[in-house]
Amino acid sequence: MPTTTTTTTTSRKRKVDDKNVQKYYAVRAGVRPGIYLTWNECQAQIAGFKGAQSFVAGQNPEGGAKDKGDPRFYAVAVGNAPGIYTDWAEASKAIVGAKGPKYKKFATRAEAADFIRISLGNGKVGASAGIGVFFGAGDSRNISERLKGTLQTNQRAELTAVLRALQSVPTTQSVRIYSDSMYSINCVSEWYRSWANNGWRTRGGDSVMNQDIIKAVRTYIDARDKAGAATMFCWVKGHSSDSGNAAADLLAVQGARQRT
């Protein structure tokens, strides 16, 4: 991670040329690594700590120099408000004072999302997956939840998000669901037919994974069909400039950090 200044002692305070710029004091190695808004807080974390490392910067301690226009995505996997940010001032609020924050800067949103997903784990022991459903800014129906159950995988979370979206809309009302998970869309609109005809077994004879959620989703779709309403799906590219998809991703990340 590039820094502007690195020091292993506490004998002097590094200065930033612009006195009007908010300074951020980053502790890479110390009592409690993190980002602090005052030198006194930073100093308390590195004083007497062997091999302490800290640096001071202005608006962007990740790069030091002013942004020349290249896109930057700050991924906060562990912090006060995990998510992907495009502004360091906002990202810093998500990690200042957090215990053991984990964050990194990337050139693309996809890389930032992968960093968060890997940090949270996917299907591994101790992994956590989140559900995010975005109806609109300030909409009370927006959903941010931790995935229930012991099996925490992205695919189960994506399917559950579809289920929660359908549960939030009356069956008499048509609904269009935008998702970046082609897996989920295919499961509930195409593949389920052959699986059902084959006793919910794959061609290789294995039990279909996540069939409990797939069946639940189909129950809601069938109920909407009987009511004369439609359930439509639209695939959107993941980690793109789609604002709705980005908002749903953020809700999912926040949900993954919730306690069970």
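Helices (H or I, at least four residues) and strands (E, at least two) are taken here as DSSP runs, numbered from the N terminus. On that basis the protein has seven helices and ten strands. The model is a predicted one, in which local features need pLDDT of at least 70 and side-chain atom pairs count only at pLDDT 80 or more, while totals for chains, interfaces and linings use all residues. Residues are numbered from 1 along each chain as its sequence is written, and side-chain values use heavy atoms, with hydrogens and water left out.

- Of the 260 residues in the protein, 41% are buried, where buried means under 20% relative accessible area, exposed means over 50%, and partly exposed lies in between (1.4 Å probe, protein chains only).
- The protein exposes about 14400 Å², of which carbon and sulfur atoms supply 49%; accessible areas come from the Shrake-Rupley method with a 1.4 Å probe, and for residues only the protein chains shown count as cover.
- Taking contact to mean heavy atoms within 4.5 Å, 62% of the contacts between residues at least 6 apart in sequence join residues at least 24 apart.

**The largest pocket**

- A pocket is an open set of points on a 1 Å grid over the protein atoms alone, where a 1.4 Å probe fits and protein lies on both sides within 12 Å along at least five of seven lines, and its lining residues have an atom within 4 Å of a point.
- The largest pocket holds about 990 Å³ of space, with grid points joined across faces, edges and corners and the volume being the space filled by probe spheres set on the points.
- Its lining comprises 40 residues, and Gly132, Asp180, Asn245, Ala248 and Asp249 are those that lie nearest the centre of the pocket.
- At least two lining residues come from each of α3 (109–120), β7 (130–133), α4 (154–167), β9 (175–179) and α7 (243–256), and α7 gives the largest share, seven residues.
- The lining has 21 nonpolar, twelve polar and seven charged residues, under a scheme in which Ala, Val, Leu, Ile, Met, Phe, Trp, Tyr, Cys and Pro count as nonpolar, Asp, Glu, Lys and Arg as charged, and the others, Gly among them, as polar.
- Because domain 2 (73–120) and domain 3 (130–257) both give residues to the lining, the largest pocket lies between them; the domain bounds come from an automatic or database domain assignment.

- Tyr85, in strand β5 (residues 83–85), is buried with a relative accessible area of 17%.
- Beyond its neighbours within four places in sequence, Tyr85 is in contact with Arg72, Phe73, Tyr74, Val76, Glu90, Ala91 and Ala94, and its C-alpha atom is separated by 9.3 Å from that of Lys105, which is 20 residues apart from it along the chain.
- Val217, in helix α6, counts as buried at 0% relative accessibility.
- Leaving out neighbours within four places in sequence, Val217 is in contact with Leu159, Val162, Leu163, Leu166 and Val188; the C-alpha atoms of Val217 and Val162 are separated by 7.3 Å, although these residues are 55 apart along the chain.

- Trp200, found in the loop between α5 (182–197) and α6 (211–226), has phi near 55 degrees, a positive value in a residue other than glycine, and is buried with a relative accessible area of 15%.
- Asn210 lies in the loop between α5 and α6, where its phi is near 65 degrees, a positive value in a residue other than glycine, and its relative accessible area of 6% makes it buried.
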